Structure formats: C-alpha cells, structure tokens
Amino acid sequence: MSSGPESALESLIASVISVWPEHKSFIERSLGERSEEEMELSRRIAEKIASIIEGGDDDLAQYAKDYRRVCEDTSQEQLKFMRTKKYSADSFETVNRQVYQNAEYMATYMNGLLLTEVLWRNHLGCLSFYINEFLSSMCEPGQSFLEIGPGHGLLLHLACERGVFSEMAGWDISEESLERTSHCLRILGGAEKVELRIQDVLALYDETNGGGRYERIVLSEVLEHLPDPVKILRALKAVAAPGALLYINVPVNAPAIDHISLFRSAEEAHKAVTDGGWEVVKAKSIPATGYSLERARRLRVAINELVVAAPAGE
Amino acid sequence: MIEMTEIELKEMIGSIVDCSPDQIRLEMLLEDIPNWDSLATVIFVSELENVCSFILSPSDIESLKTFDSVVKLLRTKEAEI
C-alpha cells in the first residue's frame, strides 16, 4: 500500500476486509498472482467501479457486504456441487423466481458481482483477455458491436472506450439489469453511443435468419444461465454479419445460485460452441483465484473458458 | 465406512493443496497450510464425506480449524457409526 491518498483499489479492499476480515488472505493471494500489467488494469477497473458506486444509491460499505454475501452463497453452492456433481438450480423458472424476480436479492447479487471483477484473479484475467486480445487485436474501425446480457455494463463501456465501433447495442431480457448497464454507461461514458433495449435473442431468430448486421458480438457469463445454451448460439449466428467474431466467456465447473447449464470441461464448452454453428478461433482457460489450471481441472474447481469464435463454414 | 489414518488424512489434504503431507502438523491451523482457502475446505469436506460415507453438518464443518480438530471429528464420527 502507498503512503499517499488511498487509491480506489485500496479503498475497495479496505472496505471488504472491514466487513470480512477472514477474506484478507484470499485478497492478498489474488493480488499476489497478478503481473504488473494486471495490477495496472486492476487499479483502472477499481477506479471505474468506484465511479459507478459513487454515482449510485448504495455506498461502498454496502457493496462490500453484498460481495461477502455473494461469496458465501457461492461457497454453499460449491459444497452442494462437490457433493452432487451437478448445479443445484434445475430450471430457468426456478432461478427466475428466486433470483431474477427477487429485486432485493438481485440488487445484492449485482453489487457483489461487480466487486468480483477486480477482487477475483480469474475475473480480472478475463477482463485482460477481453481488452488486450479481443477489443485491441480483433476489432477494426467501423465495425458494429452487440453485447448480449451486458449486466453491470463494464464490458460494454470498455468497448465504447476502444472508440472504433460505428454502431453499438446492448440487449437484455431484464429491465433491472439493463438499468444497471445504463447507469454504468451514464457514469463512465458511452451512453450516447449505445442503443440499449429489452430483447430476447431467441425471439429474433426467424426474423433475421441469414441477414445479420453485427460484426462483433459479446456473450459473457450468459450461457451457463440458460437451459439450452446451444439454442442461443444458433440464434446469434442469425444476427451475426459475414465475417463476424463472437467473444464468449463461459464458466466451467462454476456453481452459483443462478447457474443452470453445467460445462464440465473446456472441451464441453467448445462442443456447445461448435454445435451452435460456430468455429473456435482462439481460446484461453483461466482458473479460479489461487489455483493452477492443472489443479483446477483435477479438483473440478471453476475455470473461465474464454473463446473467440467465427461462424462455421465461412 | 472406511476408517482413515492420520497419514491418509494428510495425504488427502496434500493432494488438494499440492503440498507434501510432511508439511502438515497436528496442531497446525488449516488456514496455515500452504494454498489452503475456503474452496479447499469445501473440496476437503466433500472428499472426506465421499471416502468415509457420512455427511458433515454445518457445525461439523465450522469446527474444522486445526488438523487435530479434523482427526478428532473423524474419530467422533467413526464412534457414532
């Protein structure tokens, strides 16, 4: 820690440790695994998160409490998963009732998840791949951009920040989630560039089949929430323009209160992508904080599988 | 039910956290074992339940602070069955 004014990252960490002292060693391990470049990104993302929090209704202390709740709930799900080898939620209807339609829990959940973006080494690693491998190296000026399920809005904002897209959209099926995205873009920038709307991709399938307009599509931490992940991948092929690239972040062996579809390995995730009519162009596996890839695979611990895919057969 | 020796317990923990069983001492806090974290606790509990054919209650899990407490809990469970 520096002796000067507390940085956003330091403030965030201090708030979490004040409500959850036992979590200090996890955070130290998570930070200790990062390169200097990743630490710089961590500080940058923490500043963005601090701005989002300052512009909203809840203060940092509330976010810290909500982060603890989300981690503890996830730990409970982890034990159920280890005992049963499957996710506890068995249908979208159940999750929709218990989580998505439960406004109080949704607020807690989304607050907590926002902090994981910087506190969990795997989530920060995903952001690093998204920025450096996808946005910087695979996106060209003038392309159109679509994110499905933008949630907290950070990925959409980072795409706006890249400054190359001619047309940008964010689609979600949840009003509350879309309001979060809108808030993020209003605070961090990008609100004027992005068309946000309630849109179920599956409902568009017949209308747009073969006439897609989006050249870069983002589907981050969405597939595991759906009962039929292959179906949405097929539907997305219909909104994709020729030469499109799809960025996917799908957690493997990652139980959570609202995860339905279980991918047991990177290979299973890749098979869903292929079955959905896409071809894997690039892939990376990022294990949970504190775990090597080998140990995460052996112990069936969460791995974020990152995939960039192109429509098959082009 | 399979009864586990202290050495087998150390080997189980060692395989979870990638450390030598020799590094684990009886009085040692689990959190002081290299690479130990809350996720390791969950993995350890599920492996222990699987091998020994019992289910640990939340209070059982909460009591797992030191390696010695693991051994004592295991012996209590063995005596109950």
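This tour visits some salt bridges and then a helix. Bear in mind that you're looking at a predicted model.

**Stop 1: a pair within one helix**

Select Arg43(A) and Glu40(A) and show their side chains: they meet in a salt bridge, 3.5 Å from N to O. Why are these two about one helical turn apart? Because they sit three residues apart in helix H3 of chain A, which covers residues 36-54. An α-helix has 3.6 residues a turn, so residues three or four places apart point the same way.

**Stop 2: a link between two helices**

Stay in chain A and pick Arg44(A) and Glu161(A). Their side chains form a salt bridge with an N to O distance of 2.9 Å. This pair ties together distant parts of the chain: Arg44(A) belongs to helix H3, Glu161(A) belongs to helix H8 (residues 154-162), and the two are 117 residues apart. Buried or exposed, or something in between? Arg44(A) comes out as partly exposed, with a relative accessible area of 31%. Glu161(A) is also partly exposed, at 41%.

**Stop 3: across the chains**

Colour the model by chain, then select Asp18(B) and Arg298(A). Here the side chains meet in a salt bridge at 2.8 Å, N to O. Which parts of the two chains does this pair connect? Asp18(B) lies in the loop between helix H1 (6-17) and helix H2 (38-52) of chain B, while Arg298(A) is in helix H13 (residues 293-299) of chain A. Both ends are partly exposed: Asp18(B) has 42% relative accessibility, and Arg298(A) has 37%. Together with Arg298(A) and Asp18(B), they make up one network, joined by salt bridges that share partners.

**Stop 4: an enclosed helix**

Finally, select residues 229-239 of chain A, which make up helix H11. Which residues of this helix are buried? Click through Pro229(A), Val230(A), Ile232(A), Leu233(A), Ala235(A), Leu236(A), Ala238(A) and Val239(A): these are the buried ones. That's eight of the 11 residues in H11, so the helix is largely enclosed by the rest of the structure. For this step, "buried" means under 20% relative accessible area.

Conventions. Residues numbered from 1 in each chain as written. Chains lettered and ligands numbered in written order. Predicted model: local features only at pLDDT ≥ 70, side-chain atom pairs only at ≥ 80, totals over all residues. Heavy atoms only, no water. Salt bridge = Lys/Arg side-chain N within 4 Å of Asp/Glu carboxyl O. Helix = DSSP H or I, 4+ residues; strand = E, 2+ residues; numbered from the N terminus. Buried < 20%, exposed > 50% of the residue type's maximum accessible area, 1.4 Å probe, protein only.
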